[in-house]
Amino acid sequence: MFPSSPKADDIVSVNVRQHLPSTSATIPSVTIAKEEVAAGKPTQLIMHAQTGTLVLREPQASRRLLVRIINAEKGPLPLMLAGLIFSFIMAAILNDVKPGVPFSPANTRRLYWLAALFIGCEVYQRAAFWWMQHYLHSVTPPGIAELTPNSEFSSSLVSNGLVAAMLVILAASYRRGVQLAEEAELTV
């Protein structure tokens with residue numbers, strides 16, 4: 001995620017997809033491209049069929065950090081963090097379910113939190129894709145066809161927004177289950 005040599009601190013690489021064949025020369029490896037860009041050569045594009053790696057010098061530290069977080073090799077950091085939070089919330093829900101008492105106010109709140117987490121992931125993915133698209137447009141050298149980010153954005157079969165909507169419906173059902181359980185206790 002971060003450069004290995006001190007002289008290459010301002011070099012970033014972006015995984016990209018190109019829909020048209022490139023007219024640029026290919027470079028044998030990303031490592032060589034990083035060394036050449038660090039030495040002062042212009043932005044390099046390494047293509048592998050339709051996907052490739054754009055290696056460039058990014059002097060602005062905040063942009064470098066954003067590119068490295070959004071375009072990390074092992075997955076975007078915010079989505080990995082969301083996965084960890086999802087695991088903790090699901091563990092809490094499963095630990096709270098007791099035989100004979102499936103509905104609890106705490107699990108209702110947790111389901112709403114899960115819905116909010118999925119909505120946050122959807123917003124993050126859309127915003128990150130939009131930012132990366134504009135960033136690539138601003139840094140792509142002349143003569144190279146339009147590049148798009150080649151990342152985890154919108155790669156799931158089911159939209160996070162749809163999952164969030166289902167969780168809200170499930171949470172409302174749980175809330176009604178809690179109300180019915182409380183009414184049943186009062187009548188007995």
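I began with burial: 35% of the 188 residues of the chain count as buried (under 20% relative accessible area; over 50% is exposed and in between is partly exposed, with a 1.4 Å probe and protein chains only). The model is predicted, so I kept its limits in view: local features need pLDDT of at least 70, side-chain atom pairs count only at pLDDT 80 or more, and totals for chains, interfaces and linings use all residues. Residues are numbered from 1 along each chain as its sequence is written, and side-chain values use heavy atoms, with hydrogens and water left out.

Next, confidence. I read a mean pLDDT of 78 for the chain, with 81% of the residues at 70 or above (pLDDT is the predictor's confidence in each residue, from 0 to 100). Strand S2 (residues 44-48) is lowest, at a mean of 68. Helix H3 (residues 77-96) is highest, at 89.

Then the elements. I found five helices and four strands (DSSP runs: helices are H or I, at least four residues; strands are E, at least two; numbered from the N terminus). Their order from the N terminus is β-α-β-β-α-α-α-β-α.

I looked up contacts (heavy atoms within 4.5 Å). Of those with a separation of 6 or more, 71% join residues 24 or more positions apart.

Last, one residue. Thr 108 sits in helix H4 (residues 105-139). Is Thr 108 buried or exposed? Thr 108 counts as buried because its relative accessibility is 6%. Beyond neighbours within four places in sequence, I found Thr 108 in contact with Ala 171, Tyr 174, Arg 175 and Val 178.
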